[in-house]
Amino acid sequence: MGAVFRGTSMATVLLAEDDDQVRVLAESYLEEHGHEVLSAGTAPGAIALLDKSSQIDLLFTNIDLKGEIAAGIELAHEAVNRIPNLKVLYTTKRNLTDGMKARFVKNSAFLPKPYTVEQLLATLSVHFRISPQQRRQPVSA
């Protein structure tokens with residue numbers, strides 16, 4: 001009865017977001033929908049988490065981290081070097097330029113800020129086939 005089943009559509013997400021409030025909210029959104037989340041506020045923090053876990057399915061990163069323009073893009077390249085099949089979801093409140101898009105890694109998508117939980121979940125589903133899992137309640141006979 002106490003077994004937890006991990007569906008194929010659940011993911012382990014590495015969240016790199018320098019805005020503490022946004023990071024906490026995004027982490028709770030993802031966890032509420034059955035995903036495991038590792039989070040960091042900086043690119044070096046995210047790299048340290050990558051080094052500790054090879055089971056990461058998706059990097060969800062702000063393009064600018066701690067005032068470093070495009071640090072999230074550099075982080076994505078470093079992450080994909082370590083985990084070649086890693087999927088990447090970028091976000092930013094800035095206007096996305098063609099130059100930024102050109103530097104995106106393969107298997108990536110973009111979600112502009114501000115976003116809702118519904119937009120986040122739809123982006124994960126449409127671009128990466130990562131669907132939410134509702135926490136199942138026990139059925140009483």
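In this predicted model, the largest share of the lining of the second largest pocket, 4 residues, comes from α1, where helices (H or I, at least four residues) and strands (E, at least two) are DSSP runs numbered from the N terminus. A pocket here is an open set of points, on a 1 Å grid over the protein atoms alone, where a 1.4 Å probe fits, with protein on both sides within 12 Å along at least five of seven lines, and its lining residues have an atom within 4 Å of a point. The second largest pocket is lined by 15 residues, and those lying nearest its centre are Glu17, Asp19, Val22, Lys113 and Pro114. By class, this lining holds 6 nonpolar, 2 polar and 7 charged residues (nonpolar: Ala, Val, Leu, Ile, Met, Phe, Trp, Tyr, Cys and Pro; charged: Asp, Glu, Lys and Arg; polar: the others, Gly among them).

Residues are numbered from 1 along each chain as its sequence is written. Because the model is predicted, local features need pLDDT of at least 70 and side-chain atom pairs count only at pLDDT 80 or more, while totals for chains, interfaces and linings use all residues, and side-chain values use heavy atoms, with hydrogens and water left out.

| Site | Backbone angle | Loop |
|---|---|---|
| Lys113 and Pro114, cis peptide bond | omega about -5 degrees | Pro114: between β5 and α5 (117-128) |
| Ala70, not a glycine | phi about 70 degrees | between β3 and α3 |

For comparison, most peptide bonds are trans, and most residues other than glycine have a negative phi.

The sheet is open, and its 5 strands follow the order β2-β1-β3-β4-β5 with parallel pairing (two strands pair if DSSP finds at least two bridges between them). Since β2 (36-40) and β5 (108-112) stand at the edges with a single partner strand each, one side of each is left without a neighbour in the sheet. Within the sheet, β3 (residues 58-62) and β4 (residues 87-92) run parallel and are joined by 5 bridges, and Thr61 has Tyr90 in β4 as its bridge partner. Helix α1 (residues 20-32) packs on the sheet, touching β1 (12-16), β2 and β3, where contact means heavy atoms within 4.5 Å.

Among the helices, α2 and α3 meet through Ala43, Ala46, Ile47, Leu50 and Asp51 in α2 and Leu75, Glu78, Ala79 and Arg82 in α3. This contact has 6 nonpolar, no polar and 3 charged residues.

Methods. Axes fitted to C-alpha atoms, helices over the stretch in contact; angles between N-to-C directions.
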